[in-house]
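Dear colleague,

Please find below the structure I promised to pass on to you. My notes on what was found in it follow directly after, and I would be glad if you read the two side by side.

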Amino acid sequence: MGGLSIFPPRASAMAGELDALYTFLLVVSATMTALIFFLVFFFAVKYRRRSPNDPMPKPIHSSIPLEIIWTVIPFGFMLIMFAWGTKMYYNEYTPPTANTLDIYVTGKQWMWKVQYPGGQREINELHVPTGQSVKLTLASEDVIHSFFIPAFRIKHDVVPGHFETFWFQPTLPGRYHLFCAEYCGTNHSRMGGWVTVMEPAAYETWLSGGATGGSMAQQGEKLFEQYGCVTCHVLDQKGRCPSLRNVFGHAVQLDDGRTVIADEAYLRESILNPNAKVVAGYQRDVMPNFQGQISEEQLLQLIVYIKSLSNPAAQPTGGQPATNAAAVKGVTP
Amino acid sequence: MWVFLLTEIMFFGGMFGGYTVYRNMYPEAFASTSRFMEVTLGGINTAVLITSSFTMALAVRSAQIGKKRALITLLICTLVLGIVFLGIKYVEYHEKWVDHHIPGPGFHYDDPRYAQQAQILFYLYFAMTGMHALHMIVGAGLIVTLIVMAARNRFSKGWYTPVEIIGLYWHFVDIVWIFLFPLLYLIGHHP
Amino acid sequence: MMHPVVPVKTYVFVFLALITLTATTVAVSKIELGEYNFVAAMTIAVIKGSLVVWFFMHVNRSSSLTRLFVGAGFFWMAILIVFTLSDYISRGWLPGGTWWK
Amino acid sequence: MSTLYQQPAVGERPTYLNVDYGWKSWLFTTDHKRIALLYLFSITAFFAVGGSFAVMMRLNLVSPEGLLFNADTYNKLFTMHGIIMVFFFLVPSIPAVLGNFLIPIMIGARDLAFPRINLLSWYLYMIGGILAVTAVVQGGVDTGWTFYAPFSTTYSNTHVILTAVGVFVAGFSSILTGLNFIITIHKMRAPGMTWSRLPLFVWSHYATAIIQVLGTPVVAITLVLLGLERVFHAGIFDPADGGDPILFQHLFWFYSHPAVYIMILPGMGVISELVPCFSRKAIFGYSFVAYSSMAIAVVGFLVWGHHLFVSGQSLYLGTVFSFLSFVVAVPSAIKVFNWTATMYKGSITFETPMLYAFGFIGLFTIGGLTGLFLATMAVDVHLTDTYFVVAHFHYVMVGGMVMAYLGGIHFWFPKITGRMYPEGWAKFAALIVFVGFNLTFFPQFILGYLGAPRRYATYAPEFQVLNVMSSAGASILGIGYIIPLVYLTWAWMRGPKAPQNPWGAKGLEWEQSPTPPPTDNFEHQPIVTEDAYNYAGEEATLDR
């Protein structure tokens, strides 16, 4: 930080790549701008009218080859930008499917609440270790926010009603800005904080200092009892509701014959609006709607708990596209 | 006039777009709510509107060949049919009111599974049919003007442009309904 | 805006066709056809709409300019709906493989 | 023709200005030239209001903690700056003032096809404007000009509905203007004015009008749905009730992206007139410039999704939109190259309008190229919603559109008023505007890549240097806009009388219509026998 560099600090694996692409764009644009400026200036001086009696210049109406040249060449450069930008975009928005450090973030007017799997909580602060792929699951309690870390060159809108995922791999220890980038009301400009990137060892020390009230899964388990889920969803038994052991990441047969993979989005929907997709062999209208009854933070804790009931090896791994509602309706990519 | 109708197409296009998206998102809920739409009333209304379009087309034809009396009679027919349509629409709206199907704080839906989605559907139903009814009312006003103008001998074989333009407008409103009817009433309405 | 006069017979014929199609669409909706209920209903609606546009609104006798405008109107509406809807359909798709790495 | 009117003063030719002086003759006029002037005055007023909001914002941003206002006030300022500038200045500016005045004269018609609808457009515009200003006076609105749901439908407690109604009404004004232009250009061209002889200004307005007619109704219905949602909370855009906020963004940007072409295309039309005139040479690649306008109008409707790259839109659709966004850059590039090529071997002079044209070409090039950064998805992820975006669209809108507007106002000032403006002052002001503009907005590109988010009332201290530079530039820019206001007003009253064609320009408005024009524009029916921009006096060609 400091100085008048045109680049923010590069603190993630992606940042260097993006700066390379940005520099490419800068060079191409600057060349084009210089060319146009030069030509306009040069023509203006060279072909200025020297006396009012100058004869009218001969018209030059058009030149098809010239038009083609200055259409095709810039378009060629644009195609490079398009291909390069698209490739990186897919990388930015597709988190690795295994070996990620999962952290859960909830945005609300006007703060970011962070929960770690170990139960640590923070507001407007995020701690991450270097060298590790970090996957954030984002939710919003109210309006659209946008989670933006310039030093990692990454941002994603947090639209209420959905989980959004977000990933990066920090490389450089330090403290970096965290911003909300989608206008969200009065204190939008203060809805930000700091991301602290630490060496893995320091990170472990930091983690061990902060946990209170048990891990996220334990907190989720408490909620599971508190909301009475446990009375119907009896573990390892066929109660009035399905057992949740080994559900996350597995295929679930629905009562209308479809099959879905139980991912975060499915669990979310099934908690908030249970009748949307009912497991085959179970009755509708047994479970109450939790829409509006449960906060996004609690929802995340419950989901982490349900995840913890699953055998981690069974989670979807790379190369196998996770299925969801849209894909199940018969439209597959 | 066609340029104006272009605008109108896009105006309704926005709502059709919204409808399509939600239908895609919540097909079951949409099927469930269209059970509450009165197909009989909707069907009668479709027929009424098509008939009015028919009389309108004949009215334009009468104007073309300069038959003043026929023109006025046909315009009055069109107007009456238009009013009948709005009357039936009123009956339907009233029914929704009684059933608490008006979106807002008083909204109530019997099937709790689809309460929220149903509210969105009814919202779209009212937005779309409401806009359509508004167009009908404007059209009825325009037809009244035409009748007055015709009675005052303002049209001739050589000049009947207003009749033609308002005719186009009326047909357009008819077309919108032709699409609204299956989308709102018929989808999922099988036993 | 001057058009040749169309015989009443044409209008009557179109009118009867429209009424018949309305009856058909209601009848079809009572039969369980799954996804095809939607297809059938929309096909009939498109036919009806085209009949009105073509005959009642005299597009069959209009200049190519008018036809261009009519076509443009429906084309733009299609753009709006197709692009918006394709977002919802493909939103959940995750890219297969890792070709971009 | 002159016998139709009473002679206003001894020895003076009747013009549209002196034919009647009563206020009714202005407020109930159906003369497209008088309506254009009504627009000119009202648009200038809205520009002043929107501009003063901008000045207040820039002042506030001198300090990282906000110099003058609290966050709420700041949020209202940028919202209302956006709404007034976009809907009440940029969209109507060139079409409703210059387009209204010039299109009928350029194609050799006496008026627009529907003069009374034209007047109605102005009234609708004023009603919309007054509603929006009422919302401002009553305490303002704080949703951003984009009205994103669910903030606008559920969480904001300001005058959202009133503002939305204002924009809705003004939208109909825009639709009617577009409709009027389309019909006029189709039906009212003078004998010999074929499509391939139309001035490019008219072509660009034709493309603009198509966007207005096709796009505006969608935003109108979107705002209706938004307003109803705010009243009934049925949930169409609110996820708490099962709706989807992204749908609002789709519907909104379906209009609002093409709307930027409503703003810039007429500006391109102006430049296509200025460059040939002051190079005394026919435009290079007439048909490429003309068809590129149409291409922009069509492809411009297919790129709106590039506003949604980080919103959770499908990756696949994002890819399609990104590609199409690159495609839409091509016709703009074609225009820039053709203008430059027009100057080649010309006979160039440097009157004020030409200076603005130079400014336009330079700034639009930068604005357009930075658009490519935002079309590149990975880069957009970092840059969107930062100051980079702010700088980009101000380069296009202010650097492009406003430069063209000022250039056009100076170019046709003699035509409109019958008087000349002071050239020295005008050149000075053009220079000030150019310098002030670049100082204001160039630092914002750097701020953006450094990661400064937009719409921030307060900001991190390390961004202060660039923000202060920007604010300093804004004050210079503000002065740059006040100077023309003063000397143009003076010139209208006291300036020297203008000859019929002070620039030696081509086109019906200069060659065949008196300056200023009479109410009927021409003293006798013009007949066109040559191509546009025939500065060399070539024989007419029927097809090129």
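Two strands are said to pair if DSSP finds at least two bridges between them, and helices (H or I, at least four residues) and strands (E, at least two) are DSSP runs, numbered from the N terminus. This is a predicted model, in which local features need pLDDT of at least 70 and side-chain atom pairs count only at pLDDT 80 or more, while totals for chains, interfaces and linings use all residues. Residues are numbered from 1 along each chain as its sequence is written, and chains are lettered from A and ligands numbered from 1 in the order in which they are written.

In chain A, 5 strands make up an open sheet of mixed pairing, in the order 4-10-9-6-7. Strand 4 (125-129) and strand 7 (154-158) of chain A stand at its edges with a single partner strand each, so one side of each is left without a neighbour in the sheet. Strand 4 of chain A runs parallel to strand 10 (residues 193-198) of chain A, joined to it by 5 bridges, and A:Leu126 stands opposite A:Val195 of strand 10.

Also in chain A, strand 5 (residues 134-140) and strand 8 pair in the antiparallel sense over 5 bridges, with A:Thr137 opposite A:Thr165 in strand 8. Strand 8 (residues 164-168) of chain A is mostly covered, since 4 of its 5 residues are buried (20 or more other C-beta atoms, placed from the backbone, lie within 10 Å of the residue's own).

Turning to chain D, helix 4 (residues 93-107) has 15 residues and reaches 20 Å from its first C-alpha to its last, close to the 21 Å expected at 1.5 Å a residue (1.5 Å times one less than its number of residues). Of the 15 residues of helix 4 of chain D, 15 are buried, so this helix is largely enclosed by the rest of the structure. Just after helix 4 of chain D, D:Gly108 takes a positive phi of about 80 degrees.

Where chain D meets chain A, the contact takes 73 residues from chain D and 72 residues from chain A, two residues being in contact if their C-beta atoms, placed from the backbone, lie within 7 Å. Helix 11 of chain D gives the largest share of the side of chain D that touches chain A, namely 13 residues.

Chain C, finally, has 3 helices and 0 strands, and 31% of its 101 residues count as buried.

With best wishes

Terms used: A residue is buried if 20 or more other C-beta atoms lie within 10 Å of its own, exposed if 12 or fewer, and partly exposed in between; C-beta atoms are placed from the backbone.
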